[in-house]
Amino acid sequence: MAKTLLITGATSGFGKASAELFAENGWQLIITGRRCGRLDELQDKLGKSSVHIAPLDIRDRAQVEELVDNIPEKFRNIDILLNNAGLALGLGATHETDLDEWDTMVDTNIKGLLYMTRLIVPEMVSKSRGHIINIGSIAGSWPYPGGNTYGASKAFVQQFSRNLRSDLHGTGIRVTNIEPGLAESEFSVVRFGGDQEKADKVYEGTQPLTPVDIAEIVYWVASRPPHVNINSVEVMPVCQSWGNLVISREK
Ligand code: NDP
Ligand code: 8X3
């Protein structure tokens with residue numbers, strides 16, 4: 001019987017690349033996201049019988065509950081939950097930023113992930129089998145100017161992943177947090193409110209990670225033997241590393 005993967009945010013980037021890779025390897029999928037047209041296209045490409053589409057705004061708890069309640073029988077036995085949906089908005093300093101953007105990041109990156117996890121995990125516990133793979137970020141460990149709430153939301157994902165692992169101790173369920181660095185997807189276009197030129201500048205002269213790079217890590221983590229739990233994977237492109245600490249000096 002085919003294994004089942006539920007992906008939040010499969011309409012683009014890491015989520016879409018993961019959908020494609022797991023489908024190639026015979027998995028059946030539940031794919032979610034707000035852009036229904038893209039979910040339809042992906043289902044057409046990957047196969048109607050092995051892909052269930054579930055349009056969803058993950059910030060809306062009632063929608064998440066409805067999605068979980070209405071998973072068709074064939075797809076109910078979820079082996080992996082890939083908590084991937086997320087976004088950064090803006091790169092402004094705390095004292096200049098827009099509070100609505102902070103609300104959206106908290107609601108999506110933290111609360112959406114919590115809703116989905118809380119609703120999917122009980123069934124995994126009852127079967128003593130399953131794997132929750134969260135997409136964190138290097139921004140959860142390493143600060144940078146303008147990272148404020150985005151980075152803090154990914155620090156939440158990092159610690160929640162560890163705490164979830166503790167809660168699930170002895171159940172056989174695996175938990176992994178994947179923490180990518182610079183990767184080219186729609187991430188920067190979203191961060192800069194649709195400004196493609198500004199987004200392109202982020203990657204100019206670099207060789208960033210690709211969505212396929214991340215999908216391959218997700219697949220590798222998922223295909224370790226059942227007794228192996230990869231707790232976290234931090235990954236950057238070779239062109240990225242840490243900066244020095246900075247000191248402001250009197251002029
Ligand atoms: P993309 O913008 O390409 O993809 C983001 C996905 O999240 C889309 O499918 C989008 O679907 C979904 N999403 C966003 N908001 C919602 C919502 N309210 N409800 C449901 N789905 C939502 O970015 P990436 O693939 O790069 O990002 C995927 C994850 O990886 C995010 O959590 C991001 O923070 C993280 N990440 C990204 C890095 C990068 O440099 N690209 C590096 C480290 C981590 P839709 O718009 O259709 O709803
Ligand atoms: C995305 C990577 O460095 O833009 O999580 O925050 S970064």
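Which residues line the largest cavity? In this predicted model, the lining is made up of T8, I58, N83, N84, A85, T108, G112 and L113. The count of cavities of 30 Å³ or more comes to one, and the space in the largest cavity is about 30 Å³. Helix α4, which spans residues 99-127, gives the largest share of this lining, with three residues. Sorted by class, the lining holds five polar and three nonpolar residues, and no charged ones.

The shell around ligand 1 comprises 28 residues, of which T11, S12, R34, Y150 and S185 come nearest. Two helices, α1 (13-24) and α5 (148-167), each contribute at least two residues to this shell. By class, the shell divides into 12 polar, 10 nonpolar and six charged residues.

Polar contacts with oxygen atoms of ligand 1 involve both backbone and side-chain atoms, as the table shows.

| Residue | Protein atom | Distance to an oxygen atom of ligand 1 |
|---|---|---|
| G9 | backbone N or O | 3.1 Å |
| R35 | polar side-chain atom | 2.9 Å |
| S185 | polar side-chain atom | 2.6 Å |

Definitions and conventions: Residues numbered from 1 in each chain as written. Chains lettered and ligands numbered in written order. Predicted model: local features only at pLDDT ≥ 70, side-chain atom pairs only at ≥ 80, totals over all residues. Heavy atoms only, no water. Near = heavy atom within 4 Å. Polar contact = N/O pair within 3.5 Å; in protein donor to acceptor, adjacent residues only side chain to side chain. Helix = DSSP H or I, 4+ residues; strand = E, 2+ residues; numbered from the N terminus. Nonpolar A, V, L, I, M, F, W, Y, C, P; charged D, E, K, R; others polar. 1 Å grid on protein atoms, 1.4 Å probe; cavity = no way out; pocket = protein on both sides within 12 Å on 5 of 7 lines; lining within 4 Å. Points joined across faces, edges and corners; volume = space filled by probe spheres on them.
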